[in-house]
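Subject: Structure handover

Hello,

Here is the structure I promised to pass on. Please open it first, then read the notes below.

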Amino acid sequence: MPSFSHFFDTLFSSSDVFIRAMLLTLELTVVSILVGIIIGLLFALLKISNIKILAWISDTYVFLVRGTPLIVQIFILYFGISNLFLLPDFWAASLALAFHNGAYISEILRGTIQSIDKGQMEAGRSLGMSNALALRRIILPQAFRRALPPLGNQFIIGLKDSSLAAFISMNELFNVATTLGSNNFDEMTYLLIVAVYYLILVAFLTIIVNTFEKKLSISDR
Amino acid sequence: MEQKEMIRIRNLNKSYGNLHVLKDIDMKVLDSDVVCLIGPSGSGKSTLLRCLNYLEKKDSGQILIEGTEVEPGTHDINKIREKVGMVFQHFYLFPHMTVLENVIEAPTHVKKIPKAQAIEEAKVLLAKVGLSDKADVYPSKLSGGQKQRVAIARALAMKPDILLFDEPTSALDPELVGEVLATMKELALEGMTMVVVTHEMSFAREVGDWIVFMHNGRVVESGPPKEFFSNPQEERTKEFLQTTVF
């Protein structure tokens, strides 16, 4: 184990590199979460659409993503797609992560959409709203609110999963930590440092999700 | 004066699988009338009401709304629903919106009237149901009776020609029933055309213009309340009225 003073010395001296890496991790996470929400919502709606073929497409997607390791998906996207057209590393990593998170997010959203009382939709329809309008104005706002705790959980998983982008040579946090560690023959110090950065990011994400939850629960009070 | 026919039902049939819930229903609702649908649980009252708003699909027969036969294939059901409002047993207020937002939701997003105007109209409606002070409150803060009055205001905001009530007081604590019935009575006096599924016999007798008694998916007997309650013709009706406490 490194001594405290050595740990803090290294923490501060390496902060430039790590902060740059942290920003990349943050970018990967934010892009993959945002794209993942869009993908997730799309597949959740396909699943509840009452059209068999669409529900089947959604089921298949979820099965494939949940049934294979994320690292395999990242490699398939990185090596496979790069053969067809050049996909920048950042986008290969973000899209793989988004594609992966999307499956879990779609299951979260499907569950919460279906948990909203059927009467809510009927009330909307009885006021002359179309299915789409009632979904957008009545059902989804309630479903998103209910989905926030599990979504927050998924976001944190997504953040930590972004470390796998190191394997396609993205200079995000984990990659920087292992590289610096082996260059300086000091793996443990750099791994402890990177753990601190992940904790900071997760804390930050948790605060954002909690703030949203509080803001949205205003109608309960 | 000849009253306009607001709703005309001919030979309406509806089944859920093998369960035949509505059998050859014939019924009409005249302008400004209050028609009360009564009968034991499972007699098909609520299903009939929901057919009028197309929340349930009929199997066969005709439904004419204000003289036009409406078919989901050829008519925009949403347009019909703007004319036929509905109040539910369990209110179904939108919990993520304040009372005022609940009331202006459909006018601003379906009819697309300006928000300022919708708010003005909503305030008038909330005053009418006695809830002006609750405009900015979320539904979770309201009592059942207050929720149902908001639901009535929300339905009225679309300026419907006909209002359907599906057991509007059945989910309420006994002491809250009165305030909702009072609001409904006021509407009836103003000439709103109403179809009410209810177990409140005194309301049916006092406010109803026409009573329809249903049993096992059929209309067994119908008539003006005076004759219906004092001199029922059918055996089933007599049995039902005897079991109902006034």
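Why is strand 7 (residues 162–166) of chain B largely enclosed by the rest of the structure? Because five of its five residues are buried. Buried means under 20% relative accessible area, exposed means over 50%, and partly exposed lies in between (1.4 Å probe, protein chains only).

Some ground rules. This is a predicted model: local features need pLDDT of at least 70, side-chain atom pairs count only at pLDDT 80 or more, and totals for chains, interfaces and linings use all residues. Residues are numbered from 1 along each chain as its sequence is written, chains are lettered from A and ligands numbered from 1 in the order in which they are written, and side-chain values use heavy atoms, leaving out hydrogens and water.

Helices (H or I, at least four residues) and strands (E, at least two) are DSSP runs, numbered from the N terminus. From strand 7 of chain B, Ile162(B), Leu164(B) and Asp166(B) point one way. Leu163(B) and Phe165(B) point the other way. Two strands pair if DSSP finds at least two bridges between them. Strand 7 of chain B pairs in the parallel sense with strand 6 (residues 84–87) of chain B, over four bridges. There, Val84(B) has Ile162(B) as its bridge partner. Strand 8 (residues 193–197) of chain B also runs parallel to strand 7 of chain B, joined by five bridges. In strand 8 of chain B, Thr193(B) stands opposite Ile162(B).

**The open sheet, chain B**

Four strands form an open sheet in the order 2-1-4-5, with antiparallel pairing. Its edge strands are strand 2 (19–30) and strand 5 (68–69) of chain B, each pairing on one side only. Two bridges link strand 4 (residues 60–65) of chain B to strand 5 of chain B. Ile65(B) has Thr68(B) as its bridge partner.

**A patch on chain A**

Ile51(A), Ile53(A), Trp56(A) and Ile57(A) make a nonpolar surface patch of about 410 Å². Like charges are joined within 9 Å, nonpolar side chains (Val, Leu, Ile, Met, Phe, Trp, Tyr) within 5 Å. Accessible areas come from the Shrake-Rupley method with a 1.4 Å probe; for residues, only the protein chains shown count as cover. Ile51(A) sits in the loop between helix 2 (15–47) and helix 3 (52–67) of chain A. Ile51(A) is partly exposed, at 43% relative accessible area.

Best wishes

Conventions:
Patch = residues over 30% accessible without salt bridge, like charges linked within 9 Å, V, L, I, M, F, W, Y side chains within 5 Å. Salt bridge = Lys/Arg side-chain N within 4 Å of Asp/Glu carboxyl O.
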